[in-house]
Amino acid sequence: AASMSFLLEPAGPLGLWLLQTMEAWHAQKPKSGAHPLGPAKCAVAYALFSQLHDMDAAIYAQPEFANFRAYFQGLVGIQDTDSEVTLAVARLTKKKDKVLLKLQPAVGSDLMLHTQAVRKLIVASGGQLL
């Protein structure tokens, strides 16, 4: 599955939310053993999907996003994203002026059916597709 990369404004709602999610994930990281929230990719993916789900209702309510809405509502929690993504990373760029978001759906995952909707929603949230 092809990965998608975006640049987001760090002060924008989506960029800020993803940075805060990563800060919270790192703050809970144990000295040893598995992270209580699971891999970082799960935290990023779930934060991304939940933010897209909560975005501007006028955009999100459009019929083209109905299947993504149903997909998101089928995710019970953060661990449900583990088999959906092989990569989900959000971090500041070297210049610290943008948030780099990379997302790669897992082969055969339900998310693969919704990549176009996710891409459009991220761009509608101010993301710049790389």
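Predicted model: local features only at pLDDT ≥ 70, side-chain atom pairs only at ≥ 80, totals over all residues.
Colleague: Where in the protein chain is confidence lowest, and where is it highest?

Modeller: The lowest mean, 78, belongs to helix α3 (residues 57-60), and the highest, 97, to strand β1 (residues 4-8). Helices (H or I, at least four residues) and strands (E, at least two) are DSSP runs, numbered from the N terminus.

Colleague: Why are β2 and β3 said to pair?

Modeller: Two strands pair if DSSP finds at least two bridges between them. β2 and strand β3 (residues 99-105) have seven bridges in the antiparallel sense, so they meet the criterion. Ala88 stands opposite Leu103 in β3, and Val89 stands opposite Lys102 in β3. The hairpin of β2 and β3 has six residues between the strands, and Lys96 takes a positive phi near 60 degrees there.

Colleague: In what order do the four strands form the open sheet, and which are the edge strands?

Modeller: The order is β2-β3-β1-β4, with antiparallel pairing. The edge strands are β2 (85-92) and β4 (128-129), each of which pairs on one side only.

Colleague: What makes β1 mostly covered?

Modeller: Five of the five residues of β1 are buried; buried means under 20% relative accessible area, exposed over 50%, and partly exposed in between (1.4 Å probe, protein chains only). Met4, Phe6 and Leu8 point one way from β1, Ser5 and Leu7 point the other way, and all are buried.

Colleague: Which helices lie across the strands, and at what angles?

Modeller: Helix α2 (residues 40-53) lies across β2 and β3 and runs at about 80 degrees to β2. Helix α5 (residues 115-124) lies across β1, β3 and β4 and runs at about 10 degrees to β1. Axes are lines fitted to C-alpha atoms, for helices over the stretch in contact (heavy atoms within 4.5 Å), and angles run from 0 to 180 degrees between N-to-C directions.

Colleague: Why is the pair of Phe49 and Tyr71 called edge-to-face?

Modeller: Rings of Phe, Tyr and Trp (its six-membered ring) pair if their centres lie within 6.5 Å; planes under 30 degrees apart count as stacked, over 60 as edge-to-face and the rest as tilted. A search of the whole structure finds five aromatic pairs. Phe49 and Tyr71 lie 6.0 Å centre to centre with 75 degrees between the planes, so the pair qualifies as edge-to-face. Phe49 is in helix α2 and Tyr71 in helix α4 (residues 66-73), so the pair ties together parts that are 22 residues apart in sequence. Phe49, at 0% relative accessible area, is buried, and Tyr71 is buried at 9%.

Colleague: Why is His35 called buried?

Modeller: His35 has a relative accessible area of 12%, which is under the 20% limit, so the label applies. His35 lies in the loop between α1 (13-27) and α2. Its side chain reaches the backbone oxygen of Trp25 at 2.7 Å. Leaving aside neighbours within four places in sequence, His35 is in contact with Trp25, Gln28, Lys29 and Pro30.

Colleague: Why does Ser109 count as buried?

Modeller: Its relative accessibility is 7%, so Ser109 falls under the 20% limit. Ser109 is in the loop between β3 and α5. Leaving aside neighbours within four places in sequence, Ser109 is in contact with Ser83 and Glu84. The C-alpha atoms of Ser109 and Thr93 are separated by 29 Å, the two residues being 16 residues apart along the chain.

Note on methods. Residues numbered from 1 in each chain as written. Heavy atoms only, no water. pLDDT = per-residue confidence, 0-100. Polar contact = N/O pair within 3.5 Å; in protein donor to acceptor, adjacent residues only side chain to side chain.
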